[in-house]
Amino acid sequence: MPDGKPNLNGIWQAMNTANWDLQAHAARPGLVVELGAMGAEPGGPGVVEGGEIPYLPAALAQKKANFEHRLTDDPAVKCYLPGVPRATYMPYPFQIFESEKAIFFAYEYDGAVRNIYLKDPGPAPDNFWMGQSVGHWDGDTLVLDVTGLDERTWLDRAGDFHSDALHVIERYTLVSQNILNYEATVEDPKVFSRPWKIQMPLYRHVEKNARLMEFKCVEFAEDLIYGKFTKKPEK
C-alpha cells in the first residue's frame, strides 16, 4: 500500500471445519436423517491453541446442552448475524477493503459488515451482532480490538458460546501474497477460566471472476421461525 502497510484487499476464506466445531472432532451423522450423507458433519483437527476451550463448570454444562439442541438453537439456523470471530470461519468468503484512511469488512453470509475504527471512539454504546472493532497496525499485522458483542451469537455449531462480556483481539498477518495468518484471542470471565486463542490460515480467492455472492438467508429461515404462526387451511 502507499503507506507501506501490507495490502489486505481481496476476498478471503477459511478452509477448515471450525464453523462446525472449534475443537478437534470426528465426523458425525447429521441431525436430519432424511438428508443422509449430505447432512453429515465433517471432522477436523481443531483450531484451539492447546486443544481445549477452558470453560467454567456451569458454562461447560450449558455448552453441552447447546450441543444437544444445536439443530434448533444455533443462532445461524435462524439467520442471525454470526458475530466475531465466527464470521471469519463460516463456510462463506468475506472481503477486506483497505485504504490508507479506512478499513472495511464485508461478509457474504447475511450481508454482514464491519466498519473498522482507526481512531478509538471509546466504549461501545451498546452490544451489536458484529460488535465494535477498533484497529491499529502492529508492524505488518492488523490488530482489531472487538467489544460490544451481542451475547446471542455462538462461536460455532457445536454450541460453544459466550456472554455479553466477550472481548476478542484479532490479528491478521500476511504471510505470503495469498495467505493470511489469522489469530483471535477470546476473553470472557463469565464463561471461561482464562483467555484462549484460535489460529488458522485464510486464503485469498484468485479466480478471475471472484466476488461475493448474495446470501440473504432471512428468507430461508422465515418458515422455520414463523411457520407455527401460519394459518393452516382447514381440511
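1. Start with Glu-207, which sits in the loop between E9 and H4. A word on labels: helices (H or I, at least four residues) and strands (E, at least two) are DSSP runs, numbered from the N terminus. Glu-207 has 41% relative accessibility, so it counts as partly exposed; the scale here is buried under 20% relative accessible area, exposed over 50%, partly exposed in between, with a 1.4 Å probe and protein chains only. Leu-149 is 58 residues from Glu-207 along the chain, and their C-alpha atoms are 34 Å apart.

2. Before going on, keep in mind that this is a predicted model, where local features need pLDDT of at least 70 and side-chain atom pairs count only at pLDDT 80 or more, while totals for chains, interfaces and linings use all residues. Residues are numbered from 1 along each chain as its sequence is written, and side-chain values use heavy atoms, with hydrogens and water left out.

3. Phe-105 has Arg-114 in E4 as its bridge partner.

4. Helix H1 covers residues 57–68, twelve in number, and spans 17 Å from first C-alpha to last, close to the 16 Å expected (1.5 Å times one less than its number of residues). Which residues of H1 are buried? They are Ala-59, Lys-63 and Asn-66. Seen down the axis of H1, these buried residues fall within an arc of 60 degrees, so they line one face of the helix; the arc is taken from the directions from the helix axis to the C-beta atoms. On the face turned away from the buried side, you'll find exposed Pro-57, Ala-58, Lys-64 and Glu-68. Helix H2 (70–73) is included in what covers the buried residues of H1, going by contact, meaning heavy atoms within 4.5 Å.

5. Last, the disulfide. With a disulfide taken as a pair of cysteine sulfur atoms within 2.5 Å, the count is one. Cys-79 and Cys-217 form it, with sulfur atoms 2.0 Å apart. Cys-79 lies in the loop between H2 and helix H3 (86–89), and Cys-217 in the loop between strand E9 (196–204) and helix H4 (218–226), so the pair ties together parts 138 residues apart in sequence. The torsion about the S-S bond of Cys-79 and Cys-217 is about 80 degrees, so the disulfide is right-handed. Both Cys-79 and Cys-217 are buried.

Key. Two strands pair if DSSP finds at least two bridges between them.
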